[in-house]
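Please look over the sequence and the three-dimensional model shown here before reading on. The report that comes after is meant for someone meeting this structure for the first time.

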Amino acid sequence: MTLPEGEAAEPYEIVAPAVATAAQQRGARRPLWWVPTLYTAESLPFNAVTLVSVMMYKSFGLSDSTIAFWTSWLLLPWTLKPFFGPFLETRKSKKGIVVVTQILAGACFGVMAFCLPLPFWFQASLSVFAVMAFNSATHDMAADGLYIDALDNEGQAKYVGVQSAFWNIGQVVAQGGLTILAGKLEVAYNILPAWMIVWGAFGAIMIAFAAYHWLVMPSGKAPAASATTAAEIFASFKDVTIDFFLKKNIWWLIVFALLFRTAEGQIEKIAQLFMRAKVVDGGLGLSTADVGFAYGTAGTLGMVAGSLVGGWFASKVGLKKAVVPLALILNVPNVLFTYLAASQNSNIWVVTACASVEKFSLGMGFVAMTLVLMQQMAPGKYSTAHYGFATALMGVSMMVPSMTSGFVSDALGYRRFFIYILFMGLPSIIISALVPIRDDVGSTEVADDEGGRTIKKAAWGTALAAGSLYLFITFSGLATGPLFFGEPISLAYLFAFGAIAVLGLLLVGFGARTILGARAMARTLGTKVKTQSALAIVLAILAGMIWLGSIDAIWGKQRHMEAMRAECSATRSVAACEATCRNDGTYDICAYLMQVHTAEFERDLDDAASATIALEFTKRALDAGCFAKGRADDCITLGNMNADPGKWQKAQLEQDSDEAKRYYGKACLLKDPRGCRLARE
């Protein structure tokens with residue numbers, strides 16, 4: 001990056017300050033002292049919030065729909081990093097942010113342990129998880145920024161495998177070791193004390209990491225900007241964002257970030273569902289334990305090994321030569337799962353070998369993604385914030401394909417789905433071959449004159465329009481859920497999306513005004529000034545159309561549901577009440593439909609169609625009674641249905657002792673002694 005005249009070049013590798021301790025000086029010279037522990041500490045809170053929380057809520061007897069809905073929203077802070085990441089550039093020490101956020105994570109885990117005995121434990125625990133998620137996202141950006149600051153390009157490539165490997169080790173500790181501990185403690189001491197002990201253990205580990213990192217980590221570079229007042233903070237945010245959109249080849253890099261993991265994002269969830277699915281449905285028919293063995297042991301070791309090998313390979317040949325081979329390796333799992341879907345080979349050792357190769361390939365391929373973002377998109381005076389932008393784009397590249405993967409899989413079936421994935425892997429290979437890998441990275445230098453101000457103004461307009469589109473993509477689940485995937489809708493839901501849409505449209509409006517202002521400035525100069533204004537106008541128009549179209553569609557869906565509720569209430573129309581029950585989960589309406597459809601089924605116990613619809617509304621009614629109304633009898637009825645399906649076998653309900661225990665456990669929590677006894681049995 002070119003420096004302004006009069007400024008001396010600053011060495012890219014960190015030199016420990018004179019006041020640093022001997023341990024900190026050794027840490028600056030020896031990344032192995034702090035890189036492994038830093039990324040293990042980064043992994044633990046993320047996996048606690050996104051994965052371990054699911055296991056805890058399952059043990060406490062919440063329904064799958066409740067767990068999935070609320071824990072999915074806990075991912076939001078990681079996708080919003082571009083909106084608060086630039087403020088980290090105004091702080092004096094990235095090391096200080098890392099240590100403080102690790103202490104806060106430990107404190108949050110401790111608070112979580114004391115929340116669980118409270119009457120309002122669910123609301124309290126969700127609130128703590130939300131705080132923990134924002135804290136963890138902040139920690140991630142500071143940790144990645146410190147890694148970029150403290151290591152030059154060669155060092156980053158050398159240790160990126162270590163970074164990725166120990167992040168995965170953190171996942172094993174959280175999802176494996178501590179979750180297994182919780183399971184054993186549940187048997188020995190019951191659910192509540194088990195999870196209190198586990199969250200306390202999480203907290204102790206994070207406090208220990210904070211103390212260790214305070215002693216050994218380097219401090220990082222001084223901030224490129226400092227701010228104290230609201231105006232200064234906004235000016236710093238604006239400067240950081242403009243600098244990002246002035247990056248060389250920024251649009252190539254954005255497209256790379258969005259397309260590189262397209263196939264991986266779709267295969268990630270479906271692969272394990274395919275292994276669990278019945279053979280008659282095109283799956284492999286494996287048990288939960290078999291899948292856990294394949295992914296939790298051999299698969300994890302494969303991921304760690306792949307990360308290390310990928311880092312070594314990139315360091316050996318250089319990023320420019322490594323990125324395409326690593327992209328090809330990333331897509332090897334697509335071929336493996338196409339084979340498994342075609343052959344339905346359920347031999348556990350064959351499946352485990354495929355899972356190991358899959359994770360090894362993903363570990364190697366992920367190195368290419370990390371290095372391109374770290375060495376091409378992040379470098380410059382705002383490296384921490386810009387790497388936060390990059391990783392947020394990477395998160396979106398996984399989130400959106402994952403949201404659609406289940407719909408595509410259901411439509412195509414497993415065999416054709418994995419053939420489809422073969423073609424979806426092509427964009428990552430093509431963009432890897434096309435993305436420019438430069439030695440002169442950083443942002444384009446802009447003169448401090450009228451022409452330079454015009455270019456910066458256009459870049460800011462582009463950022464506002466692109467930010468509106470990014471905001472829509474981040475919250476797109478609010479629109480696609482009720483419109484395409486049957487998620488419930490309500491006035492509160494509509495209000496939430498409307499509030500976000502207003503923000504998105506404001507960004508479009510301010511962006512359009514800024515862009516037009518930049519074009520007017522360029523015309524007055526009388527010379528050709530190259531700006532991004534044409535692209536920005538296209539982005540603004542696209543964003544406006546998407547927001548307005550989504551609002552209209554969701555409002556139409558809400559009006560339709562209001563009509564169904566009114567018709568159900570007035571006439572007890574079965575069709576209208578079915579739509580109302582599916583959307584609202586109202587106990588009285590679902591119970592009415594349970595009676596109607598069960599009576600139809602009992603008139604002809606051999607009718608599979610009537611059995612299926614009767615089972616659907618029976619489960620909806622009893623679920624609402626068990627979890628919303630706190631009716632222990634309904635919980636026990638659901639448990640009995642899963643323990644001994646009886647007539648419901650006609651609707652393909654199979655015996656499931658784990659599901660039965662969940663319902664009995666909920667009855668036990670409602671202080672019904674029958675539930676406690678049946679759960680133990």
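## Basis and overview

This is a predicted model, in which local features need pLDDT of at least 70 and side-chain atom pairs count only at pLDDT 80 or more, while totals for chains, interfaces and linings use all residues. Residues are numbered from 1 along each chain as its sequence is written, and side-chain values use heavy atoms, with hydrogens and water left out.

The secondary structure of the chain consists of 29 helices and zero strands, where helices (H or I, at least four residues) and strands (E, at least two) are DSSP runs numbered from the N terminus. Of the 681 residues in the chain, 51% are buried; buried here means under 20% relative accessible area, exposed means over 50%, and partly exposed lies in between, with a 1.4 Å probe and protein chains only. When contacts (heavy atoms within 4.5 Å) are taken between residues at least 6 apart in sequence, 79% of them join residues at least 24 apart.

## Helices H6 and H9

Two packed helices are described by the angle between their axes and the distance between the axes. Axes are lines fitted to C-alpha atoms, for helices over the stretch in contact, and the angles run from 0 to 180 degrees between N-to-C directions. Helix H6, residues 94-115, and helix H9, residues 191-216, cross at roughly 165 degrees, and their axes come within 7 Å. H6 and H9 are therefore roughly antiparallel to each other, given that angles under 35 degrees count as roughly parallel, over 145 as roughly antiparallel, 65 to 115 as roughly perpendicular and the rest as oblique.

The crossing of H6 with H9 is left-handed, a term used if the near helix is turned anticlockwise from the far one by less than a right angle, with right-handed used if clockwise. On the H6 side the contact includes Val99, Ile103, Phe109 and Met112, and on the H9 side it includes Trp199, Phe202, Met206 and Trp214. By class, this contact of H6 with H9 has 14 nonpolar, five polar and one charged residues; Ala, Val, Leu, Ile, Met, Phe, Trp, Tyr, Cys and Pro count as nonpolar, Asp, Glu, Lys and Arg as charged, and the others, Gly among them, as polar.

## Helices H14 and H16

Helix H14, residues 319-330, packs with helix H16, residues 348-377, at an angle of about 145 degrees, and their axes are 8 Å apart. H14 and H16 also make a left-handed crossing. H14 contributes Leu319, Val323, Leu326, Ile329 and Leu330 to the contact, while the residues from H16 include Leu362, Met364, Phe366 and Leu371. The residues of this contact of H14 with H16 divide into 12 nonpolar, four polar and no charged.

## Cysteines

A disulfide is a covalent bond between the sulfur atoms of two cysteines. The structure holds four disulfides, each taken as a pair of cysteine sulfur atoms within 2.5 Å, and with the bonded cysteines counted along the chain they follow the pattern 1-2, 3-4, 5-6, 7-8. One of them joins Cys581 and Cys590, with sulfur atoms 2.0 Å apart, and this link is right-handed, with 110 degrees about the S-S bond. Cys581 is buried at a relative accessible area of 1%, and Cys590 is buried at 0%.

Another disulfide joins Cys626 to Cys635, S to S 2.0 Å, and is right-handed with 100 degrees about the S-S bond; Cys626 is buried at 0% relative accessibility, and Cys635 is buried at 0% as well. The sulfur atoms of Cys668 and Cys676 are 2.1 Å apart in a further disulfide, where the torsion about the S-S bond is about 90 degrees, so the disulfide is right-handed. Cys668 is partly exposed, at 25% relative accessibility. By contrast, Cys108 has its closest cysteine sulfur in Cys115 at 9.7 Å, which is too far for a bond, and Cys108 is buried at 13%.

## Two single residues

Asp144 is found in helix H7, residues 121-150, and is buried at 6% relative accessibility. Not counting residues up to four places away in sequence, Asp144 touches Tyr39, Glu42, Tyr387 and Thr391.

Tyr420 lies in helix H18, residues 414-424, and is partly exposed at 25% relative accessibility. Leaving aside neighbours within four places in sequence, Tyr420 is in contact with Gln266, Val408 and Leu412. The C-alpha atoms of Tyr420 and Thr338 are separated by 9.3 Å, although these residues are 82 residues apart along the chain.
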